[in-house]
Amino acid sequence: MSTPAPDVVRSAYAQLAVTDLARARWFWVDMLGFHVQYENADSLYLRGTDELTHHSLVLRKGEVAALDHISYRVRTPEDVDKAEKFFRQLGRPVKRLKKGEGTVGVGDAVRVVDPLGFPVEFFHEIERGERLIQRYDLHRGAQIARLDHFNICTPDIPAAYAHYKSLGFGCSETIEGDEHELYAAWMYRKQTVHDVAFTGGAGPRLHHLGVATHESHQVLRTADIFGALHEEKHIERGPGRHGVSNAFYVYLRDPDGHRVEIYTSDYYTGDPDHETYRWNVHDDRRRDFWGNAVIESWYKEATPVLDLDGRQQPVGSALLDESAVQVGADGLG
Ligand SMILES: O=S(=O)(O)c1ccc(O)c(O)c1
Ligand SMILES: [Ca+2]
Ligand SMILES: [Fe+2]
């Protein structure tokens, strides 16, 4: 009898290793406006203005810029047990962490290396934070409201789709070839476009963290603030309007090269019969609705990931390379 999947509520937080904590603080706190919930000598625990739980981003001082883990919140404490059984059943590396043994603010948790090679944590219990939703006096910089999604680079998109389908994720949109070969997919548990999305490429690597603002003017203001400070080199792609998700976006690279997307105004996906919207890889509106080209670095560069012992995971090369598909505006390949 197959082990039931844990009931995942949402993408909850990511832990990144950064090589210079002060420079990372400048980028993520001073420029983006994340709220410092807790800090110690080598780590920062950050959250957006809408977030009522302890953090949605942990920055840890490390030798190498990398992803320590992405983390999903599950609905009940029993779902942490279910997650442990689910991944042990798959024969994957699993580490159970009692409250106090893992991340500050998080209770009982399990960390696994999933079948795609990613370090993933599942938890239920987490400390609450002061409600900042209307503390407009504390909303600064890009005024980030919350973490919205993880985007992961993986060589085998169908395998990624199958794994997250087995975890009960729905699929809101895809990018497919003429023979329906799968180039990319967006999958969700919370009732928006995605908690996780897959970009074809060498992996396992983290492609980006998607963080949400309430309004498109905050996306534009983010770009203006970096321009005003002559820090425009941190702006990688956009601002623009996505085809997939319909969100308004800009992509930034932090001082270590970690990619973050400032993202707003996607749509509801919560009905049980919500249908997947499928884009053709030759449609040059798919990634930017106005047909603007996708810069090469966006397809090729990403953050390495660590295993449960902190060793960098080797990467396999992509089965399909979207950037090699000649699409009008991209001008790549
Ligand atoms: O560029 S895409 O329109 O495919 C896109 C859509 C939603 C996202 O979150 C994203 O990173 C990229
Ligand atoms: Ca730039
Ligand atoms: Fe994204």
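Reader: In which sense do β7 and strand β8 (residues 119-123) pair, and over how many bridges?

Author: They pair in the antiparallel sense, over five bridges. Before the details, some ground rules. The model is predicted: local features need pLDDT of at least 70, side-chain atom pairs count only at pLDDT 80 or more, and totals for chains, interfaces and linings use all residues. Residues are numbered from 1 along each chain as its sequence is written, chains are lettered from A and ligands numbered from 1 in the order in which they are written, and side-chain values use heavy atoms, with hydrogens and water left out. Strands (E, at least two residues) and helices (H or I, at least four) are DSSP runs, numbered from the N terminus, and two strands pair if DSSP finds at least two bridges between them.

Back to β7, which covers residues 109-113. On the β8 side, Val 112 has Val 120 as its bridge partner. Five residues sit between the two strands of this hairpin, and Gly 117 takes a positive phi near 95° there. β7 also pairs with strand β6 (residues 94-97), again in the antiparallel sense, over four bridges.

What about burial in β7? The strand is mostly covered, with five of its five residues buried; buried means under 20% relative accessible area, exposed over 50%, and partly exposed in between (1.4 Å probe, protein chains only). Ala 109, Arg 111 and Val 113 point one way, while Val 110 and Val 112 point the other way, and all are buried.

Now the metal. The iron ion (ligand 3) is held by His 149 (NE2), His 208 (NE2) and Glu 261 (OE), at 1.9 to 2.2 Å. Donors here are N, O and S atoms within 2.8 Å of the metal (3.2 Å for Na, K and Ca), and sites may look incomplete because water is not among the atoms. Along the sequence, the spacing of the donor residues reads H-x58-H-x52-E. His 149 lies in strand β9 (residues 146-154) and His 208 in strand β13 (residues 205-212), so the pair ties together parts that are 59 residues apart in sequence. Both His 149 and His 208 are buried.

Gly 203 and Pro 204 are joined by a cis peptide bond, with omega about 10°; Pro 204 is in the loop between β12 (196-200) and β13. Another cis peptide bond joins Gly 238 and Pro 239, with omega about 5°, and Pro 239 is part of strand β14 (residues 235-241). As for positive phi, Gln 143 has about 55° although it is not a glycine. Gln 143 lies in the loop between β8 and β9 and is partly exposed, at 22% relative accessible area. Asn 246, also a residue other than glycine, has a positive phi near 65°. Asn 246 is in the loop between β14 and β15 (248-253), and is partly exposed at 39%.

Then there's helix α3 (residues 157-166), where Ile 157, Ala 160, His 163 and Tyr 164 are buried. Looking down the axis of α3, the buried residues fall within an arc of 125°, so they line one face of the helix; the arc is that of the directions from the helix axis to the C-beta atoms. Their cover includes β5 (66-74), α2 (77-89), β9, β11 (182-188) and β12, where contact means heavy atoms within 4.5 Å.

On to the cysteines. The whole structure has zero disulfides, a disulfide being a pair of cysteine sulfur atoms within 2.5 Å. The sulfur of Cys 153 is 17 Å from the closest cysteine sulfur, that of Cys 171, which is too far for a bond. Both are tucked away: Cys 153 is buried at 0% relative accessible area, and Cys 171 is buried at 5%.

Finally, the record. An unreviewed UniProt entry lists "domain: VOC" for residues 10-125 and 146-265; positions are in the numbering used here, feature names are shortened, and annotations may be inferred rather than shown by experiment. Residues 10-125 come out at 21% helix and 41% strand, with the end C-alpha atoms 14 Å apart. For residues 146-265 the figures are 19% helix and 46% strand, with 13 Å between the end C-alpha atoms.
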